[in-house]
Amino acid sequence: MANQGRPMEYGASTNDRKENLVNNEFMSDVVFLIGKNKQKIFAHKLFLITSSEYFFAMFNGNFRESEENEIVLDDIEPKIFLDILRFIYCGKIDLTFDNIHEIYIHSRKYMVIELLNMASVFLEKNIEPNNVLKIFTQNRFYGFQFVDEKCLKHLRNNPLFYFNHVDFSLIDRDSLGLILNSQKINCTDDQLMGALDIWEKNHENENVDELKSIIRNAKRSYDCYKLRLFGPSSSSEMNDFGFSITSETVVNLYGIGVFIKSSAKVISVEMKVWENDIEIGCDLFEYENDNFVTVDIANLFFEQIVLSPHNHYKISLGITPAIEPFTIQNPKIHHDRIKMSITNTIYGRCESVYCAIAHLHCKERTNKEL
């Protein structure tokens, strides 16, 4: 509905007075007939041509619209057109996930570049763990580089959370390809293959040979570092690995390296993590043992676990069949910022600590993540 020549309120701000002119007959010199129903929307050429090359060419070129006072735009809904007009007049826009697709399409058509940039910022600012996969897939249409970078940062940091997310099987092939081509990601090649199997079940007509080849041939590393444990080796029976962080550093834990010495071809490792004696994580791994003659290290990755300072943690391992014991006695770490107290006395034991864990896959949690 038009503003019917609503008068200016000079007590209001300049932006409010400009907004008052949106769809206002007052000094309007062009009328748009919008949508299938040809709804009349009043506008002012000066606002339009100073904000958009599209409208500048329309009203100052050799187009027939330059001589007409009524212009038909039947490929856009009135509400979307009014949203764009409001932005052109006073810089105000209420972007939502419901309207951003149409706003983007028509902002590109009308060459409202500032609004396109705002759409990019809107998506980037609204990325959260539970909508990363949706926004990442939607961005194949938009093509915003910074949105891709932020989504991929989440996906590479905690991939197993997203591989188990309900939205993972719905992503498109190109989005999956970008994930699989990551040079750094916190999971193993076997876990990437497992994720591809999940995706393939919902895309039965897709040939995944090329995607499998990406996994096999890419040179990847982990998006974290190994916090190595040091101490004399021993053949003593391993205990649970108990520790607490004595520095003020919050740590993201993604996986562990476990010493393996066995003649079995396949070894099952059940892992549980406790925080202050409350179980906060568990997983079961099937490790294919290709090294029968010496000690190997199995890198076991799981969904990100956040370790807070001064809480007590315990990692226990159940290994089947039982392996030949190889442990580290009284393990210690060396790191400039992370300081740990490693002892099992917090769980009621006073004997020396023997653990089968060779290292932790982790990194400090950034201030932005806190």
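Helices (H or I, at least four residues) and strands (E, at least two) are DSSP runs, numbered from the N terminus. With that in hand, the protein chain comes to 12 helices and 15 strands. What you're looking at is a predicted model, where local features need pLDDT of at least 70, side-chain atom pairs count only at pLDDT 80 or more, and totals for chains, interfaces and linings use all residues. Residues are numbered from 1 along each chain as its sequence is written, and side-chain values use heavy atoms, leaving out hydrogens and water.

Let's start with the overall shape. The C-alpha atoms fill a box of roughly 90 × 50 × 30 Å along the principal axes. The radius of gyration (taken over C-alpha atoms) is 30 Å, while a compact globule of 370 residues would have one near 21 Å; that globule rule is 2.2 Å times the number of residues to the power 0.38.

How is the chain packed? Take contacts, meaning heavy atoms within 4.5 Å. Among those with a separation of 6 or more, 72% link residues 24 or more positions apart. Also, 47% of the 370 residues count as buried, with buried meaning under 20% relative accessible area, exposed over 50%, and partly exposed in between (1.4 Å probe, protein chains only).

Now zoom in on Leu 160, which sits in helix H9 (residues 159–163). Why does Leu 160 count as buried? Because its relative accessibility is 10%. Leaving aside residues up to four places away in sequence, Leu 160 touches Cys 187, Gln 191, Phe 301, Phe 302 and Glu 303. Cys 187 is 27 residues from Leu 160 along the chain, yet their C-alpha atoms are separated by 7.2 Å.
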